[in-house]
Amino acid sequence: MAKDEDWWAKYDDDMAHRKKPPAGQGGHGGYGGYTTTTPYVACHETHKPLRLGDTGLEIHGGSCIRPKITDADIYIGFDAGMRFTGRHFPWTPGHELLYKIDDMHPPAEAVQFRKLVEWTAEQLASGAKVHCGCIGGHGRTGTFFAALVKHMLGVEAAIDYVREHYCKKAVETREQIDYLGKHFGVAPAAGSKEHAPKLLGAPAPKAQKPIWGAFDKGTGSGGGHKAKGGAKSSNQSVKPVQDGNSIWGKRCS
Ligand SMILES: [Zn+2]
């Protein structure tokens with residue numbers, strides 16, 4: 001299918017700029033950022049495509065915000081920050097679709113996710129170039145890849161397979177592993193990280209109120225790095241204290 005040169009032009013500019021930060025100057029940190037001395041290369045930028053056994057097929061994985069390849073026919077994103085191009089319009093060749101999964105978590109349901117796995121397998125078999133991504137290309141993308149490997153190759157140790165052939169960090173939490181076992185018959189494996197709730201902030205003892213009310217109910221998506229946003233949207237009242245340095249001045253009681 002045709003490349004979308006115009007739509008990706010700005011993306012390419014971004015990437016070129018990012019790889020050549022001004023001398024002595026750092027960039028923004030976090031995902032995809034770089035340090036003040038050495039350009040930061042995120043793990044997902046090093047990902048090789050996952051080869052699917054003897055089928056001769058492969059699938060790309062990484063970030064849906066900064067996909068490593070710009071010439072795929074199909075982009076599948078799992079994070080709300082997915083970057084779209086004109087390709088997502090129905091009158092344009094190719095597909096761009098967002099299946100949202102909370103960071104560190106498994107999919108919230110199984111029917112549509114299985115359809116996504118089956119549909120993706122069909123697209124690959126028909127020769128489509130496919131890129132999947134979340135933020136780091138590990139947890140949610142790895143979960144999808146493991147389901148895909150089990151579906152396409154029948155490999156029960158699909159998590160190990162994806163870690164060996166794609167990235168050792170693939171599939172991040174016990175919840176994701178349990179989901180794969182329950183819905184796809186994937187054999188258990190060690191979690192790359194702790195349980196999802198612990199990463200989001202351990203539940204506060206009942207005697208204390210969590211400081212992020214809304215987030216605690218699971219309404220915050222995106223995971224730990226969004227926790228501050230969850231706190232802002234909390235409907236818990238804030239009682240300013242009397243302090244000369246307070247933004248409320250000394251008029252507070
Ligand atoms: Zn990686």
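Q: What is the bridge partner of Gly-77 in E5?
A: Gly-77 is bridged to Gly-133 there. Bear in mind that this is a predicted model.

Q: OK, and how many bridges join E3 to E5?
A: Four bridges link strand E3, residues 74-77, with E5, and the two run parallel.

Q: What about E2 and E5, in which sense do they pair?
A: Strand E2, residues 57-63, pairs with E5 in the parallel sense, over four bridges.

Q: Which residue stands opposite His-131 of E5?
A: That's His-60.

Q: Is E5 mostly covered or exposed?
A: Mostly covered: E5 spans residues 130-134, and five of its five residues are buried. Val-130, Cys-132 and Cys-134 point one way, while His-131 and Gly-133 point the other way.

Q: Switching to helices. At what angle do the axes of H3 and H5 cross?
A: Roughly 25 degrees, and the axes come within 10 Å. H3 covers residues 139-153 and H5 covers residues 174-184.

Q: So how are H3 and H5 oriented to each other?
A: Angles under 35 degrees count as roughly parallel, so H3 and H5 are roughly parallel to each other.

Q: Left-handed or right-handed crossing for H3 and H5?
A: Right-handed.

Q: Which residues make the contact?
A: From H3 you've got Gly-139, Thr-143, Ala-146, Ala-147, Lys-150 and His-151. H5 brings Gln-176, Tyr-179, Leu-180 and Phe-184.

Q: How do the residues of that contact divide into nonpolar, polar and charged?
A: In the contact of H3 with H5, five are nonpolar, four polar and one charged.

Methods. Residues are numbered from 1 along each chain as its sequence is written. This is a predicted model: local features need pLDDT of at least 70, side-chain atom pairs count only at pLDDT 80 or more; totals for chains, interfaces and linings use all residues. Axes are lines fitted to C-alpha atoms, for helices over the stretch in contact, and angles run from 0 to 180 degrees between N-to-C directions. Angles under 35 degrees count as roughly parallel, over 145 as roughly antiparallel, 65 to 115 as roughly perpendicular and the rest as oblique. A crossing is left-handed if the near helix is turned anticlockwise from the far one by less than a right angle, and right-handed if clockwise. Two residues are in contact if their C-beta atoms, placed from the backbone, lie within 7 Å. Ala, Val, Leu, Ile, Met, Phe, Trp, Tyr, Cys and Pro count as nonpolar, Asp, Glu, Lys and Arg as charged, and the others, Gly among them, as polar. A residue is buried if 20 or more other C-beta atoms lie within 10 Å of its own, exposed if 12 or fewer, and partly exposed in between; C-beta atoms are placed from the backbone. Two strands pair if DSSP finds at least two bridges between them.
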